[in-house]
Amino acid sequence: KAEDGSALPPTQRGVRVPPGVTVFDAASWNGIAIDSTCGGHGTCHKCRIRVEGGEVPITRHDARTFTESQLTDGWRLGCLVHATRDLAVEVPPLTTRPKAATVGIGRQVILRPALQKRYVELAEATLSDQRTDLVRLTDAIDDLELTADLHVLRRLSTVLRESDFKVTAVVLDEALIDVEPGDTTAARYAIAFDLGTTTVVGTLLDVGTGTPLAVTSSLNKQQPFGGDVITRISATMMDKDALGRLQEAAGATLAELATRVCREGGVDPSQVYEVAVAGNATMTALALGIDPEPLGVAPFVMTAAQPPSVLASELGLSLHPRARAFFFPALGAYVGGDIVAGMLATGMDRDKRTRLFIDVGTNCEIVLSDGETILSTAAPAGPAFEGGAIRCGMRAADGAIEVIKVDPHALGDDPAVTLGVIGDVEPRGLCGSGLVDAVSELVRVGLLDDTGRLVTDEAAKEIAPGLADRLARIGEERVFVLHRPTPETEVAECVYLSQRDVRELQFAKAAISTGWTLLLEQLGLEHRDVQQVLLAGSFGSYLSPASAVRIGLVPKLPVLRIVAAGNVAGEGAKMALLSVRERAGALALLEEVSYVELSDRPDFNDTFVDQLAFGS
Ligand code: FES
């Protein structure tokens with residue numbers, strides 16, 4: 001622990017982040033606090049880190065902040081160092097107890113958590129002072145209008161007398177939820193959950209300082225019921241017990257993560273008083289045991305946009321017995337609380353720029369803001385980006401090819417195809433970002449034409465002689481071989497991209513680009529008007545911006561305008577725990593954002609067909 005009581009970052013941690021993000025963002029996304037008062041904008045000069053080994057350019061801000069010898073030693077401002085390759089970085093402990101925390105995409109959040117603790121030393125009751133115990137306590141905390149429930153009243157008199165009237169009041173949104181003996185004000189913890197369909201992430205936060213103490217993730221235990229929301233909704237329609245089991249599985253996932261982050265952060269679970277959960281509408285319904293069937297059938301309605309807050313124990317979490325769970329509200333059946341949290345984390349409602357937010361996944365959520373009006377929609381992209389329906393597709397795990405570069409003019413020993421593989425192991429398959437890279441590269445060198453067809457063998461020999469021998473057939477289908485373990489390996493045993501895979505990607509990208517094209521049209525905007533594209537979610541963050549532009553997944557813009565936003569749902573959940581004002585902002589989004597139903601629009605089909613081409 002640091003002098004101020006906040007936890008130091010672990011001494012050794014390896015984290016994986018999308019290429020190009022700043023060390024400051026990478027640390028923040030991974031629960032490692034770096035000093036800052038400007039939120040990563042290069043103006044406060046507090047985010048000092050030391051890069052061990054490797055050349056990192058010196059910016060003019062670095063030159064103004066550090067001495068010559070510090071610069072030689074590797075000291076830099078963390079928000080100006082971009083992780084374009086593996087880096088070893090030393091993060092010094094926080095020097096001051098912050099009043100604000102940096103979360104999301106450079107959002108500075110003034111700390112005003114719903115969870116408050118007040119230590120008071122009360123005068124004992126006497127015959128001349130017969131105020132009730134509750135009044136005695138509330139009189140001493142005059143800046144809050146406290147209410148107390150029966151649970152607290154049952155403990156109050158005993159705790160007061162056993163601790164000589166020296167107690168800490170635990171308050172959640174002005175409700176007194178407990179009275180603890182002595183001074184426990186330093187122990188104010190909460191957990192932010194990103195409840196994803198595939199992966200769930202939990203971050204333990206010290207809400208007194210805004211410091212993330214531990215972050216961990218696991219697969220959603222609902223996986224056996226199906227990989228996506230539709231199969232899980234169907235499971236509840238076919239088996240009346242499935243809803244209960246899905247709810248239990250969600251609770252078990254959250255409970256396991258809570259136990260792990262508390263252990264890692266060295267925190268007693270009974271000192272965690274609040275959790276915030278950002279999940280899509282189906283995950284939220286299932287975690288709360290609400291029938292999700294109406295979400296899965298037209299006209300796709302939610303039971304309620306804003307679920308009530310519930311006791312964390314009702315979700316199966318063993319935290320403080322009165323700990324409460326806040327669930328983010330949803331804008332629609334397919335633009336859920338995870339997107340509302342993401343909008344909060346990226347400041348979609350505060351920024352005056354024209355920005356496009358895309359969370360790429362099986363269901364792709366799109367938000368467009370021109371600084372005045374905010375529109376949202378959902379596009380069913382299908383499973384291609386998660387490696388589903390792709391012949392050699394796989395999740396982004398060890399052995400997945402995630403980066404591909406092809407060089408049709410490679411000479412001598414230079415490779416014509418260079419692969420980046422997760423875990424640096426033998427390639428086993430192709431994940432979503434690898435698929436996008438593969439198609440983009442083949443379009444770039446001309447082996448795939450604009451309609452998405454692999455060119456003939458003859459044309460390939462002319463266009464890219466060094467690559468032509470990678471075109472092959474499996475049965476009737478043409479494929480491009482990406483990795484052949486040995487020269488003798490049969491094509492079917494190789495890792496390859498098939499013509500059908502290209503078609504799958506075309507449909508997925510057309511669904512998404514139709515979404516943002518129609519939103520841009522609705523606001524009378526062109527591609528070039530978009531000042532920033534935020535790619536959110538675990539897949540979007542690893543996507544190569546250049547490849548995304550080339551295949552038309554995002555508007556045709558300079559790549560610098562395309563930003564990997566990371567796990568913004570989790571960041572939004574943190575913000576809701578750190579600030580009641582931000583939480584109110586999330587609720588206000590329900591009024592501010594209009595949902596656009598695409599399938600209703602007469603121009604939907606024509607736009608979709610236009611968007612199938614890679615040149616579109
Ligand atoms: Fe303020 Fe880097 S965070 S200068």
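Which residues touch the most other members of the largest nonpolar core? I looked this up before anything else. The core holds 184 residues, and Phe 193, Val 277, Ile 358, Leu 430 and Leu 535 are the ones that touch the most other members. For my own record, a nonpolar core is a set of buried Ala, Val, Leu, Ile, Met, Phe, Trp, Tyr and Cys residues joined through C-beta atoms within 7 Å.

**Ground rules.** I am working from a predicted model, where local features need pLDDT of at least 70 and side-chain atom pairs count only at pLDDT 80 or more, while totals for chains, interfaces and linings use all residues. I number residues from 1 along each chain as its sequence is written.

**Phe 193.** I listed its contacts (C-beta atoms, placed from the backbone, within 7 Å). Leaving out residues up to four places away in sequence, Phe 193 touches Val 200, Gly 202, Leu 254, Val 275, Ala 276, Val 277, Ala 278 and Ala 573.

**Overall build.** I found 18 helices and 27 strands; these are DSSP runs numbered from the N terminus, with helices (H or I) of at least four residues and strands (E) of at least two. The C-alpha trace spans about 105 × 65 × 50 Å along its principal axes. Of the 616 residues, 49% count as buried, meaning 20 or more other C-beta atoms within 10 Å of their own; 12 or fewer is exposed, in between is partly exposed, and C-beta atoms are placed from the backbone. Among contacts between residues at least 6 apart in sequence, 67% join residues at least 24 apart.

**Domains.** The assignment, automatic or from a database, gives domain 1 (23-97), domain 2 (115-181), domain 3 (189-327), domain 4 (347-383 + 505-611) and domain 5 (386-503). I noted 38 Å between the C-alpha centres of domain 3 and domain 5.

Most residues other than glycine have a negative phi, and most peptide bonds are trans. His 45 has a positive phi of about 60°, in the loop between helix H1 (23-29) and strand E1 (48-52). His 45 counts as partly exposed because it has 17 C-beta neighbours inside 10 Å. Asp 173 has a positive phi near 50° and sits in the loop between strands E8 (166-172) and E9 (175-181). A cis peptide bond joins Ala 298 and Pro 299, with omega about 5°.

Definitions and conventions
Two residues are in contact if their C-beta atoms, placed from the backbone, lie within 7 Å.
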